[in-house]
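Here are a few exercises to work through with the model open beside you. Try each task before you read its solution.

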Amino acid sequence: MTKTLKKIEESASTIHNKITKKQKPSMYFPIRALSNVKYIPKRGFLELIGQKKARTLTVNTVKTFAQTLRVMSLSKELIEKDDIATKREAYYVSKNWDDARFEEQPESDTVIDDVEAMFEVNREQLGFIPEEKGGDVAGKLVVIDKDQETGKQLKIDCTKFGSGAYSIPISTEHLKFETNAKFVLVIETAGMFQRLVKHNYWKKANCILISMGGVPTRACRRFIRRLSEGKKIPVYVFVDGDPYGISNIYRTLKVGSGNAAHINQYFCVPNARYLGITPQDIIDYKLPTHPLKDVDIKRAKDALKNDPFIKQSKEWQKAINQLLKMGVRAEQQALAKHGLNYVIEKYLPQKLKKADSFLP
Amino acid sequence: MTTSKKSKKLTETEHKITAHDLAKKQREISVSEFFTKNRHLLGFDNPRKALLTTIKEGIDNSLDACEEAKILPDIKVRINQVKNTEDRFRVTIEDNGPGILKSHIPKIFGKLLYGSKFHRLKMSRGQQGIGISAAGMYGQLTTGKPILITSRISPKQPAHHYSLVVDTQKNEPRIIKDEIVDFDSKRGTKVVIELEARCQKGRQSVDGYIEQTSIANPHADITYINPEDKETRYPRASKELPVEPKEIKPHPYGIELGILIKMLHDTKSKNLRACLTNDFSRVSTRVANEICEKAGLHGKSRPSRIAVQEADALFKAIKLTKIMNPPTDCISPIGEESIIKGLKKQINADFFTSNTRPPSVYRGNPFQIEVGLAYGGVLPEEGLIRLLRFANRVPLLYQQSACVITESAINTSWRNYGLQQSSGALPSGPVLLMVHLASVWVPFTSESKEAIAHYPEIEKEVKLALQECGRHLSTFIKRKKKAADEFKKKSYIKKYIPHIGIALKEILDLNEKQELKIVNNLTDILERSRS
């Protein structure tokens, strides 16, 4: 924590010195885009190349400049008091800042993201937390947490939630795990997760089920990373067979994103593997499909052209090209065509037998 | 002619009506009778317009007379409502002009198509000699009252007073009263017409007309007393009289076949070549020979003979011969300076500009376009711009959409000059635009002189003048916007710099003095970088 504080003070001090010398102060931010990241398979995540943009104080930038500094000041206060603020709360705090207040939350979110990237820290380290839900867990896992009041150890057995699930907290750094599961199955949709929980699939396959609900949140990514790294268990990802499932959900979970590249190091899951739905699955399982929409095609082509992760993987290029050639996409739930529990009885067992052949 | 021929044919094929029967029905139509039935052609469509047209004709005549006599015009216009009536008004127009010879008064005011302006090519307000007598006739038709004229030509002479009615059958004046009277002024003319009318406020009203007249004639001093007895003065803004326009001979290109035949008949020249060189402008002996050659005519032929037999060939030959454009010094524009003076006098705006184009020619008629523009100030931000049209310094109030000036203004892309404009419409914004066409012959679309006809040459000149003024306007708007931006920037800096001070103070635990220094330094840095 003090490390972040130091960074805030150092940067404020640099700005102050410039102003004292009657020079225009600047702030530097890494460019947050896929164009500014590279992928080295050995290191396992998208990392920044180092392009930075400068925000120099001018008439046009004076408002954002002032707001950025005020957010830094708010962050300093939060860290010192060991408090937290949701991004929404931070937005409301700004309402005290007269002319420097934020009109809409997206404006304050952007500035918070900027500060986070500037210091190359996680926004939780700045004292800001998202409202988003972390993800749901069920199956053969015991999470060791602390009681919020007494600080006493709490053991949470994820097999004991019945038809419900354990909810991943926003901050996961303090959690410890106990498990003897063979693998973690990470699922895109809450619907598929519910089906597998209802039929106690985790018991049958001796695994941990985690629902992402779309693109995984940072907490979810960090939770899976710590779990798989700490307990050395493989992670299999089960998403829709479409460009969004591949290049947004799976890629973000495995190697991180271009937008928050400065934290990818901590928030990637390098040993994640892609179970399905693969383009080949669509053929093999004769799945009902929908045609690819224009946005799907654009996303797929974009991934082939610009995504450093896809670009280095021949297998992925082949799979995406195959999907483009077929011109269709298939959802996880499409397996229901063969019977509601076909996924449990046939699809997953068949796929898991050939875990080595999962896409990287 | 054709009718009688036809009826002859019909008799031959033994129809019941004989040529004699038809001939009995044929009779001459007097001009006055014709206009009685077609008064809308002269601008007397309805009581409201009748009042305006009457005043317009009176003012036009006064201004023309004063300018020809090189007198700075003082004009008084008064409208009285006739007692115990709703729709009867007495219009009095009085000037300090040269006066009218006693012998001329009856014909000028009591005979249609009598005037000094039709038979010459010279820039003037009136053209045909219809206006004032038509107004008098309208009054006579609606109220039965004669037109009253008092005129004095010099302080040494007494003033004459006439009371006239038009004999609409014969198109001749009938004198009701003819006497010598007392007259307040040393010199001038006073006309009184009583007519059925309606007095209304607004742009197409007498007030609007007089205001616009005063803009285009900054050398005139006009006083207007409305029916409620309220006096409005439109003072003189310039003591310079317009340069007197020169009279020119017609240019061959501007002549129609009928007029050509008439000119050939009426010429004093003995042979065709002399007729061409003497009666037309820009026809040298060489050009005359060329025309004759092209027409296959002999230069020595008698013009009156040509008129009958070979006028057509001559007419065609003229079109085929290259003839120099007519002289353009016959036009007297208002002038860029006077336009601005006229506008400034009536409109409280932030910016004025004007442009007088060099003279140009349409169909052999010289003309000149002028544009004046006022921006901002009291002019309303919302809505379309106000467009004032003038022809030979006379405001045109009606038929705006039929006029070439309006079309040119619409076809100019005002967006380039900082105004908003939807396609097919005038631009919007706080702008008053005046466009003046000066010409020896203004091509009106009709005799009521409300809209100018669409000649491509005219449209082009109007557009060029508008564009020039547009460029001036755009420079002004840009400069104004820059100043506004500057102000905005300044307040922007003031707004946000203190927050940088606060934030740095909070993060670095600075004291108030240090915070103040930050704010002062930053203000300096940013203000310096503003240029």
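A polar contact is a pair of N or O atoms within 3.5 Å; within protein, one must be able to donate a hydrogen and the other to accept it, and residues adjacent in sequence count only if both atoms are side-chain atoms. This is a predicted model, in which local features need pLDDT of at least 70 and side-chain atom pairs count only at pLDDT 80 or more, while totals for chains, interfaces and linings use all residues. Residues are numbered from 1 along each chain as its sequence is written, chains are lettered from A and ligands numbered from 1 in the order in which they are written, and side-chain values use heavy atoms, with hydrogens and water left out.

**Exercise 1. Describe the interface of chain B and chain A.**

Step 1. Start with contacts (heavy atoms within 4.5 Å): 27 residues of chain B touch 28 residues of chain A.

Step 2. Turn to buried area (the accessible area, 1.4 Å probe, that two parts lose on being put together, summed over both). The two chains bury about 2,400 Å² between them, and 72% of this lies on carbon and sulfur atoms. B:Tyr496, B:His499 and B:Ile507 provide 26% of the area that chain B buries against chain A, more than any other three residues.

Step 3. Look for polar links. With both residues at pLDDT 80 or more, 7 residue pairs are in polar contact across the interface. Helix H15 (456-508) and helix H16 (512-528) of chain B each give at least two residues to the side that touches chain A, and H15(B) has the largest share, 14 residues. Helices (H or I, at least four residues) and strands (E, at least two) are DSSP runs, numbered from the N terminus.

Step 4. Count salt bridges (a side-chain nitrogen of Lys or Arg within 4 Å of a carboxyl oxygen of Asp or Glu): the interface has 2. A:Arg70 and B:Glu506 form a salt bridge at 3.7 Å, N to O.

**Exercise 2. Which strands stand at the edges of the 8-strand sheet of chain B?**

Step 1. Write down the order: this open sheet runs S5-S4-S3-S6-S2-S1-S7-S8, with mixed pairing. Two strands pair if DSSP finds at least two bridges between them.

Step 2. Read off the ends. Strand S5 (172-181) and strand S8 (231-234) each have a single partner strand, so one side of each lacks a neighbour in the sheet.

Step 3. Check one pair: S1 (residues 74-81) and S2 (residues 88-95) of chain B run antiparallel, joined by 7 bridges. Here B:Arg78 stands opposite B:Thr92 in S2(B).
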